Amino acid sequence: MNIVNATDWGIYPDHDITEKLFELIEALKNISEEKTVCFSEGTYFIDSEKCKKHMLFITNTVGDNEFSKNETPHLNAVPFYFNGINHLVFDGNNSVFVMNGKVTNIALESCCDITLKNMEIRHSHPDMHELRVARKKLFNVEFDIDKDSVYEVKENRLYFKGADYYCAADENALNAHWIGLMRRKTPHMLKRVSHPLIGCTGVTDLKNGRVRAKYFNTCRFKMGDCFYLFDVRRQFAGIFVNRCKNIRLDNIKQRFNYSLALVAQDSENVSLVNSVFAPEENAPRKMASVADFIQICMCRGSVFIDNNRFDGAGDDCLNVHGIHFKITEKKENRITVRFMHPQSHGFNPLRAGDTIAFVNPKTLLETARAVIINTELIGEYEIRLTLDSAEQAAVGDVIEDISACPNVTFSNNVLNRIITRGLLFTTRGRVLVENNQFISTTMSSILLSDDAKSWYESGMCRDVTISNNTIEYCGQTSILIKPENNVHFAAVHKNIRIIGNTFKKYKGFCIKAKSSDNIEIKNNRFKSHKIIKHKNCRNISVQQ
């Protein structure tokens with residue numbers, strides 16, 4: 001075992017370590033055997049302008065058409081960049097790493113047997129801003145701006161500024177439907193609302209962090225309302241794991257990130273344990289992520305998420321899915337398939353030897369299977385596959401790689417202030433959701449989806465157990481089993497067990513299901529007799 005001390009590379013607390021950190025990580029490539037990197041406990045500073053930049057095609061993040069003219073699409077500044085490194089324990093010793101500017105905090109590509117542990121990541125003056133209603137009159141509202149935001153008022157408009165951004169607070173306000181709102185009386189709930197500056201006719205700086213906004217009508221505002229403004233483009237990520245194997249994240253605290261907090265893409269055996277994705281205590285904001293906390297896409301093996309706290313997400317807490325690629329061309333035993341959603345492209349997760357299913361996009365059911373002999377990425381959007389047989393492939397149908405469907409365990413976690421859904425599963429692998437506390441989700445706590453027309457996220461669920469969870473508040477149906485098939489021919493989802501859960505507050509039916517078979521509901525505690533509503537389902541068993 002090789003012990004590498006960060007101090008040997010000139011990395012000390014209370015200093016900017018950006019350039020020396022790069023040198024340290026690069027040197028690890030030359031140590032093939034097991035190694036541990038140790039930091040002295042303290043606070044370290046990282047500057048986005050000094051970071052090396054890397055082309056990262058990260059699923060479910062910003063599409064090519066969302067970049068501005070002066071930006072290079074998919075070019076990410078990354079302070080912690082691990083590429084081709086194996087057998088590493090990277091121990092931060094409970095240190096705090098403060099990012100100045102917009103970055104993807106950590107990226108691992110083509111790595112094996114990596115443990116990252118005991119690290120806390122913060123951002124100084126991030127592009128996430130809280131406006132709290134401090135005073136309300138008939139034609140104006142006074143907002144207190146969080147103490148971490150730097151702002152100015154010019155020509156009656158409010159602007160925010162920081163490293164790597166300068167923007168008007170009301171930029172794109174008419175289309176900004178993702179704005180977070182936290183009411184004073186329900187501080188554990190986040191919901192999406194229209195922009196608070198829609199209809200504003202001018203802003204005045206009252207100094208010391210307070211501004212006054214003028215309106216023709218202020219009836220939609222309430223005292224103590226907290227609005228969260230941010231750039232929703234998903235341009236970066238918190239932690240990106242790409243084409244890796246055996247990755248463990250242990251005691252990682254991410255206090256903010258500019259997109260998805262953790263993305264595991266085309267990887268095998270990924271664990272997140274004992275970690276916190278949430279603002280620090282007494283933070284000026286109550287949101288920690290611009291979008292989802294976790295995206296698991298086209299992964300294999302096992303995904304293990306245990307004993308974590310998730311608080312303040314701009315989208316789902318967890319989304320586990322594959323990709324439905326559309327067949328665009330067929331010739332003999334070769335087919336060409338295409339990424340259909342603009343926010344996912346540029347990588348090839350389809351491997352030689354994998355089994356794929358041909359899927360009818362209307363029914364979401366298999367029509368046949370084939371084995372991949374050869375695979376080639378063509379540009380950013382298309383992949384050419386040579387198959388053992390393409391006889392039953394049809395142009396216009398989609399494929400699902402059924403070799404890239406991980407088993408998932410999500411256990412002993414706490415979810416709070418999730419602005420959309422808690423958990424979203426579209427995977428054939430075995431799914432176990434147990435002993436979790438869902439404090440608040442604005443939409444469904446758990447959704448079993450599958451679609452080939454919008455996000456193109458595959459596929460069917462075949463073995464799901466949801467047991468011993470407590471769902472305290474859910475703004476919509478608590479458990480929603482809803483494949484997005486246009487035509488029902490047979491069940492899409494099967495073998496779903498909902499056992500021993502407590503459902504405290506929800507609207508309407510607790511469970512809704514369509515196009516599913518073999519649903520067992522047993523020993524749960526409901527607040528009403530409206531337990532399940534279903535359509536085109538068979539073999540549903542309900543026992544109290």
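How do the residues of the lining of the second largest pocket divide into nonpolar, polar and charged? They divide into ten nonpolar, 13 polar and 13 charged, where Ala, Val, Leu, Ile, Met, Phe, Trp, Tyr, Cys and Pro count as nonpolar, Asp, Glu, Lys and Arg as charged, and the others, Gly among them, as polar.

This is a predicted model, in which local features need pLDDT of at least 70 and side-chain atom pairs count only at pLDDT 80 or more, while totals for chains, interfaces and linings use all residues. Residues are numbered from 1 along each chain as its sequence is written, and side-chain values use heavy atoms, with hydrogens and water left out.

To find the second largest pocket, with a volume of about 620 Å³, select Arg 234, Asp 315, Asp 316, Arg 421 and Trp 455, the closest to its centre of the 36 residues that line it. A pocket here is an open set of points on a 1 Å grid over the protein atoms alone, where a 1.4 Å probe fits, with protein on both sides within 12 Å along at least five of seven lines, and lining residues have an atom within 4 Å of a point; grid points are joined across faces, edges and corners, and a volume is the space filled by probe spheres set on the points.

Select next Glu 71, Lys 102, Asp 231, Arg 233 and Gln 235, which lie nearest the centre of the largest pocket among its 33 lining residues; its volume is about 890 Å³. The lining comprises 15 nonpolar, eight polar and ten charged residues.
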